[in-house]
Amino acid sequence: MLMSSSVFKTDGLKPGDLARDFKLKNVDDKFVALRDYKNAKGFIVIFSCNHCPYVKAYESRMEALNKLFAPKGYPVIAINSNDVSRYPEDSFENMQRNAKQKGFTFPYLFDETQEIAHFYGALKTPHVYVLEKRGDDLVVKYVGAIDDNTQDAEKVEKRYVEDAVNALLTGKTVKIQETKAIGCGIKWKESADK
Amino acid sequence: MRVIAIAVFLWLGTLFPVAGQTIQTVSFDQLERVWKETTGSKVQVINFWATWCRPCLLELPHFREAISEFEDKDVQFLFVSLDFENNLSKAEQALKARGFTGKHFLLTGDPNTWIDKIDPDWQGDIPYTLIIRKDGSYVKAPYVFESTEQLVKLIRQHVN
């Protein structure tokens with residue numbers, strides 16, 4: 001059955017919810033978990049993939065976010081959860097190729113079972129969850145789009161993720177905590193339970 | 001001589017209408033004005049699609065057939081592409097290849113400024129179809145149409 005992702009509209013983490021850690025394979029074949037980042041203050045988790053034109057439009061901006069915020073304690077963590085059998089372009093080998101070609105300095109992890117995308121309630125690529133560490137907890141502080149202009153980085157006016165992380169870094173409230181993620185639907189495996 | 005040349009040129013122009021763009025780039029406000037113009041006199045079927053959306057392309061032929069089905073009825077079909085602006089010609093080709101004619105739209109602007117105006121429950125995923133009845137009420141169809149019958153049946157329910 002062809003499905004639109006509106007089935008998931010009421011699930012998914014919202015600002016204030018607790019996120020969960022994971023341990024997923026990175027493009028360098030090593031496994032990465034959020035708890036590995038002892039000194040991080042939080043994370044910019046971005047559900048992503050190789051094929052989606054929306055992601056392609058944002059890749060350099062994702063890299064820029066990592067360069068800007070990783071040194072400040074908020075690294076970008078990209079995760080590909082797409083069903084490779086339907087979208088071979090999103091295979092692990094292609095993730096490695098893509099990461100190498102684009103020179104990603106952030107981890108690009110393979111969520112093969114789609115478990116993490118399901119838990120977070122990710123619907124699209126790109127779909128961002130900004131998490132703040134609070135003790136052992138990971139608190140969701142922002143969910144949604146990266147900024148307000150997919151097509152033209154020069155014409156961006158609202159930098160949703162940048163503003164959220166800057167607020168967290170300066171102890172201020174995040175003004176816009178949630179937007180709708182704009183992009184291609186995450187490609188779910190057909191046998192997935194909804 | 002030049003006058004005659006111009007006259008001939010203009011006359012030829014009437015025989016071969018310039019293939020202008022079939023897709024008009026619009027902001028949400030402009031698009032809303034288009035459908036508000038016809039609310040009341042016709043039922044409107046508004047379909048949001050894009051060339052990168054496979055299910056969208058698969059259901060477009062059902063819409064093409066539905067257009068014929070409702071030709072002499074008070075139904076207006078509006079197709080709104082969410083492609084990137086620089087892919088406008090790609091979108092035009094996709095429509096042409098599927099036998100669509102007439103005016104189409106490509107919607108620009110931050111989707112977070114207009115999605116909720118159409119449907120607060122909509123996450124922006126496509127295809128998405130909205131039917132606006134003559135009384136102005138909205139009927140949401142946030143799913144793929146698997147057959148022409150399924151689409152025609154739904155539209156018929158709201159045409160009176």
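The model you are looking at is predicted.

**Around A:Phe110**
- A:Phe110 sits in strand E5 of chain A, which covers residues 108-110.
- Beyond its neighbours within four places in sequence, A:Phe110 is in contact with A:Leu24, A:Lys25, A:Asn80, A:Phe92 and A:Met95.
- A:Val27 is 83 residues from A:Phe110 in sequence, yet their C-alpha atoms are 7.9 Å apart in space.

**Chain A as a whole**
- Chain A has 4 helices and 9 strands, and from the N terminus on they follow the order β-β-β-α-β-α-β-α-β-β-β-α-β.
- The radius of gyration of chain A is 15 Å, close to the 16 Å that the globule rule gives for 194 residues, so the chain is as compact as a globular protein of that length.
- The C-alpha trace of chain A spans about 45 × 40 × 35 Å along its principal axes.
- Some 41% of the 194 residues of chain A count as buried.
- If you take the contacts in chain A between residues at least 6 apart in sequence, 75% of them join residues at least 24 apart.

**Backbone details worth a look**
- A:Asp29 is not a glycine but has a positive phi of about 70°; you will find A:Asp29 in the loop between strand E1 (23-26) and strand E2 (31-33) of chain A.
- With 8 other C-beta atoms within 10 Å, A:Asp29 is exposed.
- A:Gln114 is another non-glycine residue with a positive phi, of about 70°, and its place is the loop between E5 and helix H3 (115-120) of chain A.
- A:Gln114 counts as partly exposed, with 17 C-beta neighbours inside 10 Å.
- The peptide bond between A:Thr125 and A:Pro126 is cis, with omega about -5°; A:Pro126 belongs to the loop between strand E6 (124-125) and strand E7 (127-134) of chain A.
- In chain B, a cis peptide bond leads from B:Ile126 to B:Pro127, with omega near 10°, and B:Pro127 lies in the loop between helix H5 (115-118) and strand E5 (128-132) of chain B.

**Where the chains meet**
- Contacts between the chains involve 16 residues of chain A and 15 residues of chain B.
- On the chain A side, these residues divide by class into 6 nonpolar, 7 polar and 3 charged.

**Chain B and a helix pair**
- Chain B contains 6 helices and 6 strands, arranged along the sequence as α-β-α-β-α-β-α-β-α-β-β-α.
- Its C-alpha trace spans about 65 × 35 × 30 Å along the principal axes, and 30% of the 160 residues of chain B count as buried.
- In chain B, 77% of the contacts with a separation of 6 or more are between residues 24 or more positions apart.
- Helix H3 (residues 54-69) of chain B packs against helix H6 (residues 148-157) of chain B at an angle of about 45°, with the axes 9 Å apart; that makes H3(B) oblique to H6(B).
- The crossing of H3(B) with H6(B) is right-handed.
- H3(B) brings B:His62, B:Phe63, B:Glu65, B:Ala66 and B:Glu69 to the contact, while H6(B) brings B:Thr148, B:Leu151, B:Val152 and B:Ile155.
- By class, this contact between H3(B) and H6(B) has 5 nonpolar, 2 polar and 2 charged residues.

Terms used: Residues numbered from 1 in each chain as written. Chains lettered and ligands numbered in written order. Predicted model: local features only at pLDDT ≥ 70, side-chain atom pairs only at ≥ 80, totals over all residues. Axes fitted to C-alpha atoms, helices over the stretch in contact; angles between N-to-C directions. Helix = DSSP H or I, 4+ residues; strand = E, 2+ residues; numbered from the N terminus. Parallel < 35°, antiparallel > 145°, perpendicular 65-115°, else oblique. Left-handed = near helix turned anticlockwise from the far one by under 90°. Contact = placed C-beta atoms within 7 Å. Nonpolar A, V, L, I, M, F, W, Y, C, P; charged D, E, K, R; others polar. Rg over C-alpha atoms; globule rule 2.2 N^0.38 Å. Buried ≥ 20, exposed ≤ 12 C-beta atoms within 10 Å, placed from the backbone.
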